[in-house]
Amino acid sequence: MIEKLNEIRRQLTELLAKEDVDEKTLEELRIRFLGKKGELTAVLRGMGSLPPEERPKVGQYANELREEFERMLEEKGAALRERARQEKLERERIDVTAPGRTPKIGRRHPLESTRIEMCEIFRSMGFDIVEGPEVEYAYYNFDALNTPENHPSRDLTDTFYITENILLRTQTSPVQVRTMEQRKPPIKIVAPGRVYRSDEVDATHSPLFHQLEGLVVDKHITMGDLKGVLELFAQKMFGPGSRIRFRPHHFPFTEPSAEVDVSCFVCGGKGCRVCKGEGWIEILGSGVVHPNVLRAGGIDPNIYSGFAFGMGIERIAMIRYGIDDMRLLYENDIRFLAQF
Amino acid sequence: MILSLEWLSEFVDIEGISVKEFSDVMTMTGSKVEGWEELGADIKNVVAGRILSLERHPDSDHLWVCKVDIGEPEPRQIVTGAQNLYVGAIVPVAAAPAELPGGVKINKAKLRGVESDGMLCSISELGLTEREMPGAVEDGIFILSDAGIEGVKPGDDIPSALRMRDIAVEFEITPNRPDCLSVIGLAREAGASLGKKPRWHTPSVRGSDGKTGDYISVSIKAPELCPRYTARVVKNVKISPSPLWMRMRLRAAGVRPINNIVDITNYVMLEYGQPMHAFDYACLHGKKIIVREAEEGEQFRTLDGTDHTLRKGMLVIADEERAVALAGIMGGENSEITENTTTVVFESANFEPSQVRLTSRALGVRTESSSRFEKGLDPENTLPAIQRACELVELLGAGEVVGGPDDYIDVYPGKKEPRTLPLNAVRINQLLGLSLDADAMAEILRSLEFDVRKVGDSYEVGVPSWRGDVEGVNDLAEEVLRIYGYDKIASTLFTSGVSVGSMSDRLACREQISDLLINLGLYETCTFSFVSPKIFDMVRVPAGSPLRDAVRLLNPLGEDTSIMRTMLLPSVLEALAHNYSHRIPECALFENAPVYINRGKDNLPDEPVRIAIAMYGPNDDFYSLKGICEAILGSLGITGARYVATSDNLTYHPGRCATIKLGDAVLGVLGELHPEVLENFEFDIPVYGAELDFEALFAARSTERRYVPLPRFPAVSRDLAFVCDERLESQSVADVVAEVCGALLENIKLFDVYRSPQLGDGKKSLAFALTLRAADRTLSDEEVDELLGRAVDAVREKLGAQLRL
């Protein structure tokens, strides 16, 4: 009887080892060997013919075999399922190098992203962002800014006029006096916006461009403070190693006035193509607010002082992104816009 | 302003200072150097040579073979085609290998078989003109003695012998410093900047017999326009070329030599910054110079031959009968210096800047003189300048100055007291963030020739007459700082208390909308805010529409940029058309920018911000654009907006255009563009456009965000389909259903539109998905059936749409 059982075991082992066993044959084997009419049951049915003393032994062995068979079939089943999963995964293999389906994402205009970045830097230093009209009174654009009656910038060849007294602002500086009229010191503002000058369009000129104006007015404001603020700005905008340099210049609305250069962020000041070998790049005009401008804003220049600066957003965007033709900024070709 | 360093060195010792160093120092003290040119440096190995022999070329009937002594042990053999040579002539020799202006290289060569060891040069080959080398022929070899250049030995460097070697430094002079438009002005700056005291020269005139007053009188009829007029007479004038040194200094400064008298006036203008004029005395009628306003309509021909019609308010220099010069701008043809001039009247005057500017603009005549007077010149300068001119006349032997050393006519109605300012060292330090002592400031100001006087414990500063720009303490601070050094300012950060920078809600809202559109796949554009008036026709704005009443520029660059835009969409359409013309397969653009609404000529226009969207592409239609608009409204928390079909907006397809309304407020318009608009912009595919009114969106936005508990009871979903007339708007069906269902209707959405022959012509089926939910209970099927039954009845009664089963 034991031999018979061993023979059944051998048969099952043999059958399970066959290549073509699948889920279906596995179920057939379960029925054939473990089913109610299965081989193992058949053997156990024949136990009655055994001597009583052998029965427990054979019975125990048969039970052990049942457990073993169940385990064998279970393992085989697991192996089959695993193989089937592997095969499925293999079938599902895709070409991961094929292109992705990119959701449509637009782009911010490079001038706008530059403006936002500049504004955020000044906002983090406590400057409020304010605005002023683009179509402006000559008073705010020139007179209140201490611009002499015969100053060339007032010419029809330089400034777009609407009437004798109304023009397209040539700078964001008129926001200075408008702000002083509305606020009391301490004043700390930046004003971005469009400005207009009568220049034909070419690679470096445009009749419309953008500026960012800055104004600080309080007691004891010095030119050193101007330098400190602009240095911080340069380091945030152009990188931590950036330095700035003041050069004397003249603007009607600041005195003393300075043009400001930033150390070239490409070569670090050694001289390269971007800075034309100078090591420095001119980025803005600035100075101590002229007493006449403070007066025009209703602020006593004997008590208060201030500084102001103005920079071209196009210029900064162009040097940062290496754009060599200003016209690209207004053409709005998406092959250009997609690069930013 | 171009400065000859050779000329400058007459006043300031710049020996041993490189031009780079000089430029850096000058730039850092406020006289910005734009660049420089080393004159004569492009001529290499060109020396003087004496012609030793001239022989015909054996194989040519026009070439000559010369032996030339150029100071080398052996003469050089040079072949030339020139016909003006003779033995003994001293000529410029490009001794091979040599270089000439324009990068021309001269090497040894064979000309028709004869070795030529260089080239003999003409003036033009040296970059010179007949004006600069009078006497020299233009089409032959430059024989130095023809131009009166003697004493040059074989082997001498030609650029040096011709005084061509110089460095011309170009300065950008700011409009507040017309005094620096002169050699003397820049010498003053250079002296202070380099810490060297300039050597000044006081002109002195010998004079001769006669009395100036017997020749001429000067009267100023418009003293407010002519603060000073100084004149002097020179007789027995011999018009001839000026000497080489003067010609070459003028050349370095970029001025063309003419003749001795004209050159002297230009030379003095460059040296002193004082424009001068010379009249032919013989042409002045009545021995009189009258400075007066022009008569209305007075005719005048300037010396460039142009006729002008003058107007009242323009200032002229006149004799007894007629105008002879436009004051400070240009002389008249009627009194010009000619070869035959024998007596000259020099004018050195001061004119009011804005009159010069207005006249110059009005007549379209700009000259070196007018551009200087426009900036406001120092009236004190007229006298030294005229004396210098007379001194040069005597030095050049150009004539005899009438009268004694100081016999000039000087009418000076506009004399001003010199300005005196206190030296407020405390305030200056406060403005600059420095701690300089007053003595150091005084020293700097003195180096700039301010008259600094100690008064008690402090200083008083006399401002030089040429520094009209220095008016107060800030100006003195700048003077001190630029010489002390802008680079010495230390960076500090002011301490006006901590504050958080703010941005207006309006600006933040604009950025929010731009962010959303970018995230939805649109590209942001930046277009010009002035446009062509034709744009209205291009987008079919009807005649008489208020949109056409745009703010107009008085002086636009051209018609295309002549009005301020009242609509934003056309600008974005132009950008879109640009992309379409470059065969970009799909493109979606937007701009977030102001338009300009006219409020009459005395008022500033309104500048409301608009958001314009324009797009095309294979997957785009009206509804993709509408989805974008809905997303904008949604992100701003605007609910309840209605899209009202609009067929009278001519920019759009009459059947595919909607006005977005919130109550009575119009938030914007969107639609497919009208075929004619598409043609105008050269599209041949459909384009979808929208223009939203940001100000209305901003006003309607809701920033309140409040938590609403999540639903506790399940929702019931049902679909309803109605068969209705083709023209019935789905929104009206949804509205009726919503009205019946009230608060229980959580959502209703059109999900299918179906047409078929079974439905019949002009019919369509609209299928809606409804979500119903009660906040306090689970809705029963019976309740829902009853409710929807009423809704279906209402739709049938009100709209004639039948439930489709």
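Trainee: How far apart are the centres of domain 1 and domain 2 of chain A?

Mentor: They are separated by 90 Å, taken over C-alpha atoms. Domain 1 of chain A covers 2-91 and domain 2 covers 110-337, with bounds from an automatic or database domain assignment.

Trainee: Okay, and what are the ground rules here?

Mentor: This is a predicted model, where local features need pLDDT of at least 70, side-chain atom pairs count only at pLDDT 80 or more, and totals for chains, interfaces and linings use all residues. Residues are numbered from 1 along each chain as its sequence is written, chains are lettered from A and ligands numbered from 1 in the order in which they are written, and side-chain values use heavy atoms, with hydrogens and water left out.

Trainee: Now the interface. How much area do chain B and chain A bury between them?

Mentor: About 7200 Å², with 56% of it on carbon and sulfur atoms. Buried area here is the accessible area (1.4 Å probe) that two parts lose on being put together, summed over both. Chain B brings 88 residues to the contact and chain A brings 89, where contact means heavy atoms within 4.5 Å.

Trainee: How many salt bridges cross it?

Mentor: The rule finds 9 between chain B and chain A; it asks for a side-chain nitrogen of Lys or Arg within 4 Å of a carboxyl oxygen of Asp or Glu. Over all chains, the whole structure has 85.

Trainee: Which residue does B:Arg361 pair with?

Mentor: A:Asp155, at 2.7 Å from N to O. The pair joins two chains, because B:Arg361 lies in helix H8 of chain B and A:Asp155 in a loop of chain A, between helix H6 (138-141) and strand E3 (166-168). Helices (H or I, at least four residues) and strands (E, at least two) are DSSP runs, numbered from the N terminus.

Trainee: Is A:Asp155 buried or exposed?

Mentor: Buried, at 6% relative accessibility, whereas B:Arg361 is partly exposed at 30%. The classes are buried under 20% relative accessible area, exposed over 50% and partly exposed in between (1.4 Å probe, protein chains only).

Trainee: And what about B:Lys32, which residues does it bridge to?

Mentor: B:Lys32 meets A:Glu282 at 3.5 Å and A:Glu259 at 3.7 Å. B:Lys32 counts as buried at 16% relative accessibility, and A:Glu282 as partly exposed at 28%. These residues belong to a salt-bridge network that also includes A:Arg245, A:Arg247, A:Asp261 and B:Glu172.
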